[in-house]
Amino acid sequence: MEEKREPLANKCEFMGIRPIMMDLPYPPVQVREKNHAYAKLLSIDYCGAVSEMSAITQYINNENRMSGKNCQFAKTILGIAMAEMMHLQKLGEMISLLGGDVDFTAKFQNGRQKLWTPEYLDIPVDIRKMIRADIEAERDAVNQYRMHINVIKDDCVNEVLERIIKDEEYHIMILQAL
């Protein structure tokens, strides 16, 4: 007779996890007029090396690897990933309104295009190094958003980007506390 074994299971429960973000409303997602140059800039924020797509993927990967070792950290990382998903959605909406395509291709002003790739990710094994990599990615995102705000002369777009920056800065604070 064959012995029955208990199935292996992750004991970390993720029900009820909510996005971790500033408790502030987002401005409406709108643009003053179509502008393909602005859509290209936002495509880099959407799916470039420093992007919401990269952040989401890195956070979900880290959460999966943390959940068996440190449930509370994993829950926090998942909540941050959920906020990044909301940023991705808002950027996609603005890209479309600006007349661009949402196709996971970062479009640069020089005509170069690059399809999103997991090669953009920093995936250390140690939890401390994961958190440090996440902090660095958030800082890079804030800097990139600020550079794009300096170029974009559409107050509607910039208001949304400024609001996203508030979440990214909040994420840095949360990650530093971990």
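Hi everyone, let's start with the charges: the mean positions of the 22 positive and 27 negative charges of the protein chain lie 3 Å apart. Here Lys and Arg are the positive ones and Asp and Glu the negative ones, with His and the chain ends not counted. Each charge is placed at NZ of Lys, CZ of Arg, CG of Asp or CD of Glu.

Some housekeeping before the details. This is a predicted model, where local features need pLDDT of at least 70 and side-chain atom pairs count only at pLDDT 80 or more, while totals for chains, interfaces and linings use all residues. Residues are numbered from 1 along each chain as its sequence is written, and side-chain values use heavy atoms, leaving out hydrogens and water.

Now the fold. The protein chain has 5 helices and 2 strands, in the order α-α-α-β-β-α-α. Those are DSSP runs numbered from the N terminus: helices are H or I with at least four residues, strands E with at least two. The C-alpha trace spans about 70 × 35 × 25 Å along its principal axes. Of the 178 residues, 48% count as buried; buried is under 20% relative accessible area, exposed is over 50%, and partly exposed is in between, with a 1.4 Å probe and protein chains only. Looking at contacts (heavy atoms within 4.5 Å), residues 24 or more positions apart make up 80% of those with a separation of 6 or more.

Back to the charges, then. How many salt bridges are there? The count is 4, taking a side-chain nitrogen of Lys or Arg within 4 Å of a carboxyl oxygen of Asp or Glu.

One of them joins aspartate 155 to arginine 32, at 2.8 Å from N to O. Aspartate 155 sits in helix α5 (residues 155–177) and arginine 32 in the segment before α1 (36–47), so this pair ties together parts 123 residues apart in sequence. Aspartate 155 is partly exposed at 37% relative accessibility, whereas arginine 32 is exposed at 56%.

Another pairs glutamate 169 with arginine 146, whose closest N and O atoms are 2.5 Å apart. Glutamate 169 is in helix α5 and arginine 146 in helix α4 (residues 127–151), 23 residues away, linking distant parts of the chain. Both are partly exposed: glutamate 169 at 33% and arginine 146 at 40%.

And where do aspartate 167 and arginine 163 sit? They are in helix α5, 4 residues apart, so about one helical turn separates them.

Thanks, happy to chat!
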